[in-house]
Amino acid sequence: MIKFYKIFLSLIFLFNLTNISIAKEEFFNEGVKLFEAKKFDDAKFLFERSIVFEPKHAASYLYLAKIYKEQEDLKKEEKNLETTLLIDPVNEEAILLMMEMGIERTNYSKVKELSERFTKVCKNLCDKNEKILQDLKNLEPKNES
């Protein structure tokens, strides 16, 4: 009887674990669809739910950062980008977004530092780095004597 009870509990545990994994991915995937439809508040809710199930889900933090960028909440955007990079230090898109934020804030040294990091990890978005560097060059104060 005890053996049956252990097997029964193990099966329930495995079933619940599988459901949690499926739910997490469903929250994320539905969040992406809502984000693309520009339903940012609904998408934000689903990305936050995804994070509840998997606190180290870097893509959910990245999408939250994108939502906050759309909503012009720079502090929350930056916080979520930093979290994304803490979890996934080679996330090209997060580095790129941080570089864009640095340009907007005229934080030249931060953009240069991120650009060097981006150059080492880029695989898909490498062409974006050149545009950022050109924007940075155009914004840097000129030494006029």
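Student: In this model, how do the axes of helix 3 and helix 4 cross, and within what distance do they come?

Tutor: In this predicted model, the axes of helix 3 (residues 58–70) and helix 4 (residues 74–87) come within 8 Å and cross at roughly 160°. Since angles over 145 degrees count as roughly antiparallel, helix 3 and helix 4 are therefore roughly antiparallel to each other.

Student: And the hand, is that crossing of helix 3 and helix 4 left-handed or right-handed?

Tutor: The crossing of helix 3 and helix 4 is left-handed. On the helix 3 side the contact is made by A58, Y61, L62, L64, A65, Y68 and K69, while helix 4 contributes K76, E77, N80, L81, T83, T84 and I87.

Student: Staying with helix 3, how many of its residues are buried, and which ones?

Tutor: Helix 3 is mostly covered, with ten of its 13 residues buried, and those buried residues are A58, S60, Y61, L62, Y63, L64, A65, K66, I67 and Y68.

Student: What about S60, what is its relative accessible area and which residues does it touch?

Tutor: S60, which is also found in helix 3, is buried, with a relative accessible area of 0%. Again not counting residues up to four places away in sequence, S60 touches F28, F47, S50 and I51.

Student: How far apart are the ends of helix 3, and what span should its 13 residues have?

Tutor: At 1.5 Å a residue, the 13 residues of helix 3 should span 18 Å, and the end C-alpha atoms are 19 Å apart, which agrees. Just after helix 3, E72 takes a positive phi of about 55°.

Student: Switching to helix 5, where residue L97 sits: how many of its residues are buried?

Tutor: Ten of the 13 residues of helix 5 are buried, so helix 5 is largely enclosed by the rest of the structure. The buried residues are E92, A94, I95, L96, L97, M98, M99, M101, G102 and I103. As for its length, the 13 residues of helix 5 (residues 92–104) should span 18 Å at 1.5 Å a residue, which agrees with the 19 Å between its end C-alpha atoms.

Student: What happens at the start of helix 5, and just after it?

Tutor: At the start of helix 5, a side-chain oxygen of N91 reaches to within 3.2 Å of the backbone nitrogen of E93. Just after helix 5, T106 takes a positive phi of about 50°.

Student: New topic: where is K39 found, and is it buried or partly exposed?

Tutor: K39 is found in the loop between helix 1 (2–36) and helix 2 (40–53), and K39 is partly exposed, with a relative accessible area of 46%. K39 and I67 are 28 residues apart in sequence, and their C-alpha atoms are 9.4 Å apart in space.

Student: Finally, how many helices and strands does the chain have overall?

Tutor: The chain has seven helices and zero strands, and of its 145 residues, 34% count as buried. Among contacts in the chain with a separation of 6 or more, 49% are accounted for by residues 24 or more positions apart.

How values were computed
Residues are numbered from 1 along each chain as its sequence is written. This is a predicted model: local features need pLDDT of at least 70, side-chain atom pairs count only at pLDDT 80 or more; totals for chains, interfaces and linings use all residues. Side-chain values use heavy atoms; hydrogens and water are left out. Helices (H or I, at least four residues) and strands (E, at least two) are DSSP runs, numbered from the N terminus. The expected span of a helix is 1.5 Å times one less than its number of residues. Buried means under 20% relative accessible area, exposed over 50%, partly exposed in between (1.4 Å probe, protein chains only). A polar contact is a pair of N or O atoms within 3.5 Å; within protein, one must be able to donate a hydrogen and the other to accept it, and residues adjacent in sequence count only if both atoms are side-chain atoms. Axes are lines fitted to C-alpha atoms, for helices over the stretch in contact, and angles run from 0 to 180 degrees between N-to-C directions. Angles under 35 degrees count as roughly parallel, over 145 as roughly antiparallel, 65 to 115 as roughly perpendicular and the rest as oblique. A crossing is left-handed if the near helix is turned anticlockwise from the far one by less than a right angle, and right-handed if clockwise. Contact means heavy atoms within 4.5 Å.
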